[in-house]
Amino acid sequence: MEVTLETIEQCNSRNIPLPIQREVRQRCGFGCVICGIPLYEYEHMEEWAEVQRHVSDEITLLCDQHHREKTGGLLPKEVVSLANENPHNLKEGVSKPYNLHFAGSTVTIEIGSNTFTCQDQGYGTAMVPISVDGTPLIGLILADEHLLLNLVIFDEFNSPVLHIKNNQLYYSTESWDIQLVGTTLTVREAHRKILIEIKFCPPNKVIINRGRFLRNGVEILVRPKNILITNNSFLISGNSVTNCFGGLIIGHHDKPIGGFMAIGSIPRYMGDRKEALKFEKESLNRIDE
Ligand SMILES: [Zn+2]
């Protein structure tokens, strides 16, 4: 069976209702309660198998590493409980490098030297830097004075391998190296090249400097100075638009998104596995160009 976003959603019977997620995020200071990293999983502090219920007070936020430590028994339940009562990001007098607080009336997104700026339209304002055939590959949603990251990384065979949904590490097929240094978030495939690099510039700007995005035979490389669509060697740089919620929009969208560049149709890759892997290696080198 081909894994699609829809089947992932259906399989996740433990999906927590959105209003409860929102309460938990606010209570925990938008980060892992132990270390503050703003990419996390929702952790039921009571054993899910026993309680089978979503109660905001019983759910906390743990980053991938601390979640694994808890599951592996290295991080005792009591420590998590204590941290939940005094979350890292809400501690008094602690420097808060991870507190990616938003303020202002507009949001600016820069991607590969192109920028778009939109008005804050309140809770749920969505910005889509890259979308292909109706699937936003990267998106930022404004919620309670924070920008929540949405990211889907597909492989050459069009299967999702990493899905971050409103800062929640929602689904991944392997272990990813996710790091936040200062305000720069990088996602690497284990010991490999950077797959995405995002710099949050509080209070109201986000810069996407590097990334490799694949979907339906389209490959997009984001580099600091430009965006390259490898299918047709098309380079995009220096665009700047205002009052716009989108960036690079490729293919058909049922709900149209205005962007700095919209491309209706381009040639698509249809390779076999061997060719795809060769192609991956070359592409990862080109992100550094
Ligand atoms: Zn953590």
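Reply: Two strands count as paired if DSSP finds at least two bridges between them. Helices (H or I, at least four residues) and strands (E, at least two) are DSSP runs numbered from the N terminus. The model is predicted, so local features require pLDDT of at least 70 and side-chain atom pairs pLDDT 80 or more, whereas totals for chains, interfaces and linings use all residues. Residues are numbered from 1 along each chain as its sequence is written, and side-chain values use heavy atoms, without hydrogens and water.

Me: How many helices and strands does the protein chain have?

Reply: There are six helices and 19 strands in the protein chain. Of its 289 residues, 49% count as buried, that is, under 20% relative accessible area with a 1.4 Å probe and protein chains only, where exposed means over 50% and partly exposed lies in between.

Me: What is the strand order in the open sheet of seven strands?

Reply: The order is 9-8-7-6-5-18-19, and the pairing is mixed. Strand 9 and strand 19 (261–263) are the edge strands, each of which pairs on one side only.

Me: Which way do strand 5 and strand 18 run?

Reply: Strand 5 (residues 125–132) and strand 18 (residues 246–250) run parallel and are joined by four bridges. Within this pair, L248 of strand 18 stands opposite I130.

Me: And strand 8, is it mostly covered or exposed?

Reply: Strand 8 (residues 160–165) is mostly covered, with five of its six residues buried. Strand 7 (residues 146–154) runs antiparallel to strand 8, and four bridges join the two. F154 has P160 in strand 8 as its bridge partner. Five residues separate strand 7 from strand 8 in their hairpin, and N158 in the turn has a positive phi of about 70 degrees.

Me: What joins strand 8 to strand 9?

Reply: Four bridges do, and these two strands also run antiparallel. H163 has Y171 in strand 9 as its bridge partner. This hairpin has two residues between the strands, and N166 takes a positive phi near 50 degrees.

Me: Changing topic: which residues have the most contacts inside the largest nonpolar core?

Reply: That core has 69 residues, and those with the most contacts inside it are I138, I198, I208, F213, I220, L248 and I250. Strand 7 gives the most to this core, namely six residues. Domain 1 (17–90) and domain 2 (106–287) both contribute residues, so the core lies between them. A nonpolar core is a set of buried Ala, Val, Leu, Ile, Met, Phe, Trp, Tyr and Cys residues joined through side-chain atoms within 4.5 Å, and the domain bounds come from an automatic or database assignment.

Me: What does I198 touch?

Reply: Not counting residues up to four places away in sequence, I198 touches I138, L149, T183, T184, L185, V206, I207 and I208, where contact means heavy atoms within 4.5 Å.

Me: Why is strand 12 largely enclosed?

Reply: Six of the eight residues of strand 12 (residues 194–201) are buried, so the rest of the structure largely encloses this strand. Five bridges join strand 12 to strand 11 (residues 184–189), which runs antiparallel to it, and V187 stands opposite I196. Strand 13 (residues 205–215) is likewise antiparallel to strand 12, with six bridges. K199 has I207 in strand 13 as its bridge partner, and three residues lie between strand 12 and strand 13 in their hairpin.

Me: Lastly, where does S81 lie?

Reply: S81 lies in helix 5 (residues 77–85). S81 is partly exposed, at a relative accessible area of 30%. T60 is 21 residues from S81 in sequence, and their C-alpha atoms are 8.6 Å apart.
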